Amino acid sequence: MLRFPKSPGPLLAASFVLMAAPSVSQAQSDSVLYRAAVLRIDAPGPMPISRLSLPAEDAGFAGATLGTADNATTGAFMKQSFETETKALAPEALVPEMERLLGEGVQWFVILGDSAAVSQAADLAGDRAVIFNALSTDDALRAEGCRANLLHIAPSDAMLSDALAQYLVWKRWSDWFLIEGSHPQDRALGAAYRRAAEKFGARLTAEKVFEDTGGARRTDSGHVQVQAQMPVFTQGAANHHVVVAADHSGVFADWLPYHTWDARPVAGSAGLRPVTWHPAHEAWGAMQWQSRFEKLSGRQATEADFQVWTALRVIGEAATRTKGGDFAALRDHILSPEFSLAAFKGQKLTFRDWDGQLRQPILLASDRVISSVSPQEEFLHQTSQLDTLGIDRQESSCKK
């Protein structure tokens, strides 16, 4: 999740990318214009552990700019053009702004926000629009909280934990010390790791909850306190191969490497992390995407940037394949088995019809390298190996 420090000024905490219904240009009647608007929801949050974790001011926005440019390049051959508008909003302004845009014919929303914002947007849109979730990993959004108008670009907690679990089991690091945070989203991620351990044959030999007591996490004495406290916190755990951290809130996981009582690798929310994108990713043509993004924005791409880019490219790809501006035709094609998207992941990405989740490989990244990519070859599936990651059809509790 994107995290932003508390401040009296406007802050980037979540973003909404909205695709307007295509309209015919008055200047050129045979050209279809796809208008997009990026709405950023400013909400304060706690300071991150490190200044290196502070998000860029254009987090997500730069991905939208590149996605719009890529759509325009392809669309030029189809007499299709694309425009994107950006706007920052306070949380309380979301509903009136969405109502205005829906009233103007906006039919495609790509959302960077938490599960509450995604749900609010989907409920407000109803059958007037399709919503793309490009940030929240909450499993509940794909289960009892699923909606017929909601598709997920961001991977679920279940996908991320399964991706890591496959690699750890392949390494025969099957005994885990699970440490989860005290916030609801941390406990949900911890539950996903428990499920993944059972699914792939790992064992939780030890479990512990790190209570967030608040206070300053970035002080002159912070590293001194953690150096003394974290070894004691992890002392006495049953024998384990690896420490798995479930810390969506960003409270403690980054302090685990080199501070545990036993000399063990750390994975999950720190150390070896399951991610959709990483600056070190170069395979399958990703280097050219990275280069174009860096030339455009002057910085390295984040997961939020890649996921927004992917969401917009879903629209652009559907526009190319349907060769027209009809909303129903685009929506039906995206939801059909015929839809697929190339996104520098080594295989085409498609949507699951039971919960609207985008199938995609998950990168396993450390600071400077990609250690592996899941699904691992040894884990097979009767229809798609990508469905070894996350909630499969027969497990799903989604009832649209």
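The side chains of E180 and R187 meet in a salt bridge, with N and O 2.9 Å apart, a salt bridge being a side-chain nitrogen of Lys or Arg within 4 Å of a carboxyl oxygen of Asp or Glu. The structure is a predicted model, in which local features need pLDDT of at least 70 and side-chain atom pairs count only at pLDDT 80 or more, whereas totals for chains, interfaces and linings use all residues. Residues are numbered from 1 along each chain as its sequence is written, and side-chain values use heavy atoms, with hydrogens and water left out.

Of this pair, E180 counts as buried, at 3% relative accessibility, while R187 is partly exposed, with a relative accessible area of 39%; buried here means under 20% relative accessible area, exposed over 50%, and partly exposed in between (1.4 Å probe, protein chains only). A search of the whole structure finds 19 salt bridges. In another of them, the side chains of D305 and R299 meet at 2.8 Å, N to O; D305 is buried, with a relative accessible area of 0%, and R299 is buried as well, at 16%.

A salt bridge also joins D353 to R393, whose closest N and O atoms are 3.0 Å apart. Because D353 lies in the loop between α9 (327-334) and β13 (362-365) and R393 in the segment after β14, the pair ties together parts that are 40 residues apart in sequence; helices (H or I, at least four residues) and strands (E, at least two) are DSSP runs, numbered from the N terminus. R393 counts as partly exposed, at 47% relative accessibility.

Not counting residues up to four places away in sequence, D392 touches W354, H381 and D387, contact meaning heavy atoms within 4.5 Å.

In helix α7, the buried residues are A286, W289, Q290 and F293. Seen down the axis of α7, these buried residues fall within an arc of 100°, so they line one face of the helix, the arc being that of the directions from the helix axis to the C-beta atoms. The buried residues of α7 pack against α1 (61-75) and α8 (303-322). The helix is followed by G298, whose phi is positive, near 75°.

Turning to the aromatic residues, rings of Phe, Tyr and Trp (its six-membered ring) pair if their centres lie within 6.5 Å, planes under 30 degrees apart counting as stacked, over 60 as edge-to-face and the rest as tilted. By this rule the count comes to 16 aromatic pairs. W108 and F327 form an edge-to-face pair, at 4.9 Å centre to centre and with 65° between the planes. This pair links distant parts of the chain, with W108 in strand β5 (residues 106-112) and F327 in helix α9, 219 residues apart; both W108 and F327 are buried. The rings of F210 and F233 have their centres 5.2 Å apart and their planes at 70°, so this pair is edge-to-face. F210 counts as partly exposed, at 22% relative accessibility, whereas F233 counts as buried, at 15%. Finally, W277, W289, F293, F306, W309 and F344 form one aromatic cluster.
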